[in-house]
Amino acid sequence: MLEMFEYEFMQRAFVAGIFIAILASISGTFIVLKRYSLMSETLAHSALVGVAVGLVAGYNPLWAAVIVAVLFAWLIEYLRSHFTLYSDAILSIILSGSLALAVIIVSLGGAFNNSLFSYLFGSILSVSYEDVVTIALFGTPALVLLLLFSKELYFITYDEEVAKTSGIKVKLLNFLLVTVVAIIIALSIRVVGSLLIGALMVIPTSAALQYRVGFKNTILISLFFALISVVFGMSLSFYFSLPSGATIVLTVISLFILSLIANKK
């Protein structure tokens, strides 16, 4: 099994994948508990608009994906907090609109190719050294912010109204959370794919919640599941020439099913 690490692209893929697993599992805990799971799918499709722009204009698609995903995250949070619209309705509208926009941009620019396919479903062969640097450059501050404000985010997740009366800047922290999530999702699409990244953010936490062991332990279990899924999924992807995103998602779904069975009582 260790012979796959003789290849530089696998070394890059594992570094990027493990970093993404850490980011996705920790941020996913807040997203799931906030009943905002559709946010991950919406921002993943929004990031695809950035990928489309990058491919057509000749820019780095990963950088463009991060910028566009953050802008859409701010738009979503603004609409949610300033208009009388249900959160799931906003997310559904943005999801559909951003996907349609991405398809039109790619179609007009003639960028339907294997490169786009790798962003849709993930590809360990496509992870470059520049991608790893970009993931580290954006991912490290995102992780620091999550850990730095974890107590406040935990409070807001369970009761925003009480958090407001306690003096916590709820609006600012909500914008911070969606910004961090947008960055993480945009960084993840190279390995997991924009159509599948939502699963890596939501399913490990959903599996961990089955054990009912408290907030901190739930994060640790979710992190463990995400790491196992990435390592095992990318190994399967390498040996059987499968899309890395699909194998990672099927692995984490298997862990979720096992968690349901183990805790059915």
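Q: Is Glu8 buried or exposed?
A: Glu8 counts as exposed, because its relative accessibility is 56% and the cut-off for exposed is over 50%. Keep in mind that this is a predicted model.

Q: OK, and where does Glu8 lie?
A: You'll find Glu8 in helix H1.

Q: Which residues make up H1, and how far does the helix reach?
A: H1 covers residues 8-33, which is 26 residues. From its first C-alpha to its last it reaches 38 Å, close to the 38 Å expected at 1.5 Å a residue.

Q: Where does H1 bend?
A: At Ser27, by about 25°.

Q: And what follows H1?
A: Arg35 does, and its phi is positive, near 60°.

Q: How many of the residues of H1 are buried?
A: 20 of the 26 are buried, so H1 is largely enclosed by the rest of the structure. Glu8 is exposed, though.

Q: Back to Glu8 then. How far is Glu8 from Leu125?
A: In sequence they are 117 residues apart, while in space their C-alphas are 9.8 Å apart.

Q: New topic! How many salt bridges does a search of the whole structure find?
A: Three. As background, side chains of opposite charge can pair when their charged atoms come close.

Q: Which residue does Glu8 form a salt bridge with?
A: Arg12, with the closest N and O atoms 3.9 Å apart. Arg12 is partly exposed, at a relative accessible area of 23%.

Q: What about Lys164 and Glu161, where do they lie?
A: Both are in helix H8 (residues 160-165), three residues apart, about one turn of the helix. Lys164 is partly exposed at 43% relative accessible area, and Glu161 is exposed at 52%.

Q: Which side chain does Asp131 meet in a salt bridge?
A: That of Arg190, at 3.0 Å, N to O. Asp131 is in helix H6 (residues 129-148) and Arg190 is in the loop between helix H9 (170-188) and helix H10 (197-209), so the pair ties together parts that are 59 residues apart in sequence.

Q: Is Asp131 buried or exposed? And Arg190, buried or exposed?
A: Asp131 is buried, with a relative accessible area of 3%. Arg190 counts as buried too, at 12% relative accessibility.

Note on methods: Residues numbered from 1 in each chain as written. Predicted model: local features only at pLDDT ≥ 70, side-chain atom pairs only at ≥ 80, totals over all residues. Heavy atoms only, no water. Helix = DSSP H or I, 4+ residues; strand = E, 2+ residues; numbered from the N terminus. Expected span 1.5 Å × (residues − 1). Bend = angle between axes of the 7 residues up to and from the residue. Buried < 20%, exposed > 50% of the residue type's maximum accessible area, 1.4 Å probe, protein only. Salt bridge = Lys/Arg side-chain N within 4 Å of Asp/Glu carboxyl O.
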